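Here are some notes for reading this structure alongside its sequence. Please keep both open while going through the points.

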Amino acid sequence: MHPISRSFIYFSIFLSFAIFSQSQEFIFPNQEQEDRFYLLTNEIRCPKCTSGSIASSNAPIAEDLKRKVYEQIIDGKTDLEIKNFITDRYGEFADYRPSFESWNILLWIGPGIFMLIFGFLFFREQK
Amino acid sequence: MQLSKILAITLLGVFFIFLGKLILDDKTPSSNITGKPFPQFQQLTLDGNSISHEYFIGKKAIVNVWASWCITCLVEHPFLSERASEISIIGINYKDDKSDAVNWLNKNGNFFSTNIHDPIGNLAIDLGVTGAPESFLVIDGKIVSHVIGELNQKKWEENFAPYL
């Protein structure tokens, strides 16, 4: 066998093991918990990265926070409790879905209010 | 007034409100721990003794998160060594092998009052740590100030000196 072909086969085997070990890192008793894990890790921002969730990051802190989310899901914590655990330590910055309070209210309802105001002005001008 | 003028003025207004908020809200987006009590914990030191959050009650100390694999920790080590004569410095040995940490201290000097071994990084997460090095000023069990990255003269004067 050509040395390059042999290297390719070894590399493929190594890659398969790497992918398998990655997917087996967190084992969930049921699908609902696994779905919650993927949703939560996509909604928590990696505190070490410029942008990106902990799900999309391989930074050591992102790996640690994924482990924390996993442990807390297994412990029966709710999504809110897990999010609070993260934001208590890393601030609102770490939550991609900002809470409905303080300045964040403007972010949530601002676009709707502007739409209503301009809709009203637009139709009044048309008359 | 024309609708386009109202629209332009409103959008400019919104832009400046958010710009002002962005400039005034000068907080580090990686830790929410300043002003809070030191998190509860019960762990072992590198010497094998038990230590808990109660250690900090009635004390003034710098808590420094470090590791033998951390290059910046080696860079800030001489500066911390100088400060150790003024204030007690407690280490949190972060995600490190115990023997590597002990060898590192033997080689580079050990000015730490004690070193909490945090091999998994659980205590560090409770402190809102994102990596090593990071330093905290703790006064009577309360976290007063926090520095991310290398602790040097400038950061010391800005973040820690006003409280000492």
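1. In chain B of this predicted model, strands β6 and β7 form a hairpin with two residues between them. B:D140 sits in the turn and has a positive phi of about 50 degrees. The two strands cover residues 134–139 and 142–148, run antiparallel and are joined by six bridges. One pair to look for is B:I139, whose bridge partner in β7(B) is B:K142.

2. Strand β3 (residues 60–66) of chain B runs parallel to β4(B), and six bridges join them. Within this pairing, B:W66 has B:N93 of β4(B) as its bridge partner.

3. β4(B) also runs parallel to β5(B), with five bridges between the two strands. Here B:G91 is partnered by B:N115 in β5(B). To get from β4(B) to β5(B), the chain passes through helix α3 (residues 98–108) of chain B, and this β-α-β crossover is right-handed. Strand β5 (residues 114–118) of chain B is mostly covered, as four of its five residues are buried.

4. Why does B:I92 count as buried? B:I92 has 27 C-beta neighbours inside 10 Å, and a residue is called buried because 20 or more other C-beta atoms lie within that distance of its own. The residue lies in strand β4 (residues 88–94) of chain B. Leaving out residues up to four places away in sequence, B:I92 touches B:V63, B:V65, B:I116, B:D118, B:L123 and B:A124. For B:I92 and B:N122, which are 30 residues apart along the chain, the C-alpha atoms are separated by 11 Å.

5. Now turn to chain A. Of the 127 residues in chain A, 17% are buried. Among its contacts between residues at least 6 apart in sequence, 37% join residues at least 24 apart.

6. How do two of these helices pack? Two packed helices are described by the angle between their axes and the distance between the axes. For helix α2 (residues 31–43) of chain A and α3(A), the angle is about 145 degrees and the axes are 10 Å apart. The crossing of α2(A) past α3(A) is right-handed. On the α2(A) side, the residues that meet α3(A) are A:Q33, A:R36, A:F37, A:L40 and A:T41; on the α3(A) side they are A:K66, A:V69, A:Y70 and A:I73. The residues of this contact divide into five nonpolar, two polar and two charged.

7. Last, the two chains together. How many residues does each chain give to the contact? Chain A gives 17 residues and chain B gives 15 residues. On the side of chain A that touches chain B, the elements that give two or more residues are α3 (60–74), α4 (79–90) and α5 (104–126) of chain A. The residues on that side divide into nine nonpolar, two polar and six charged.

Notes
Residues numbered from 1 in each chain as written. Chains lettered and ligands numbered in written order. Predicted model: local features only at pLDDT ≥ 70, side-chain atom pairs only at ≥ 80, totals over all residues. Contact = placed C-beta atoms within 7 Å. Nonpolar A, V, L, I, M, F, W, Y, C, P; charged D, E, K, R; others polar. Axes fitted to C-alpha atoms, helices over the stretch in contact; angles between N-to-C directions. Left-handed = near helix turned anticlockwise from the far one by under 90°. Buried ≥ 20, exposed ≤ 12 C-beta atoms within 10 Å, placed from the backbone. Pairing = 2+ DSSP bridges. Right-handed = clockwise from strand over helix to strand, strands pointing away.
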